[in-house]
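Colleague: Before we discuss the terms used for this model, could you put the structure up?

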Amino acid sequence: MAEPAFTYRPFEPTDAEAMGRLYFDSVRGLGGRRYSQAQVEAWAPAPLAPEQVRARAGDGRLTLLALDAAGQVAAYGDLEADGHIDQLYARPDAVGTGVAGEVLDRLIAAARAAGTTRLYVEASELARPLFERKGFDLVRRRDFEVRGVAIHNYAMALMLA
């Protein structure tokens, strides 16, 4: 069976609603693999509002999308000017296809091309293995609260120079 074909492109404002829904579906559909139901609900209480997605994507960061063969958003990620990877999410049905890894590879390549020397991320339990495979080092576990619920992720970094 052939791997699914994805196309990659930068964010367009019309993508905002699909990205907000993908974020919600990803956290709600996959989060329970490593987090409690209360943590998942605190992390993503609702889909991101399109205006919130547009504001984030329009603040100067690079936001890349992967589209499936039907033209639907299968994954997305973003890279801020200082080297911070703020979001990397894939639809639950796209997990295991390599699409999130390819989005990350493209963000890393863009950072290198821009002369960025260090990337950093706060990776969830779910994303940590992917970032480790791409060469990111664990800095520390981060324990904090979201909407009154204790949760954690991992500060990770990748030196590019």
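Colleague: Which residues line the largest cavity?

Modeller: The lining consists of M19, L48, V53, R56, A57, R61, T63, Y76, D78 and Q87, a lining residue being one with an atom within 4 Å of a cavity point. This is a predicted model, in which local features need pLDDT of at least 70 and side-chain atom pairs count only at pLDDT 80 or more, while totals for chains, interfaces and linings use all residues. Residues are numbered from 1 along each chain as its sequence is written, and side-chain values use heavy atoms, with hydrogens and water left out.

Colleague: What makes this a cavity?

Modeller: On a 1 Å grid over the protein atoms alone, a cavity is a set of points where a 1.4 Å probe fits but cannot get out. The search of the whole structure finds one such space of 30 Å³ or more, and the largest cavity has a volume of about 50 Å³, taken as the space filled by probe spheres set on the points. To its lining α3 (50-57) gives the most, with three residues.

Colleague: Why is the set of 28 residues called a nonpolar core?

Modeller: The term applies because its members are buried Ala, Val, Leu, Ile, Met, Phe, Trp, Tyr and Cys residues joined through side-chain atoms within 4.5 Å, buried meaning under 20% relative accessible area with a 1.4 Å probe and protein chains only. I85, L119, F131 and F136 have the most contacts inside this core, and its largest share, seven residues, comes from α4.

Key: Buried < 20%, exposed > 50% of the residue type's maximum accessible area, 1.4 Å probe, protein only. Helix = DSSP H or I, 4+ residues; strand = E, 2+ residues; numbered from the N terminus. 1 Å grid on protein atoms, 1.4 Å probe; cavity = no way out; pocket = protein on both sides within 12 Å on 5 of 7 lines; lining within 4 Å.
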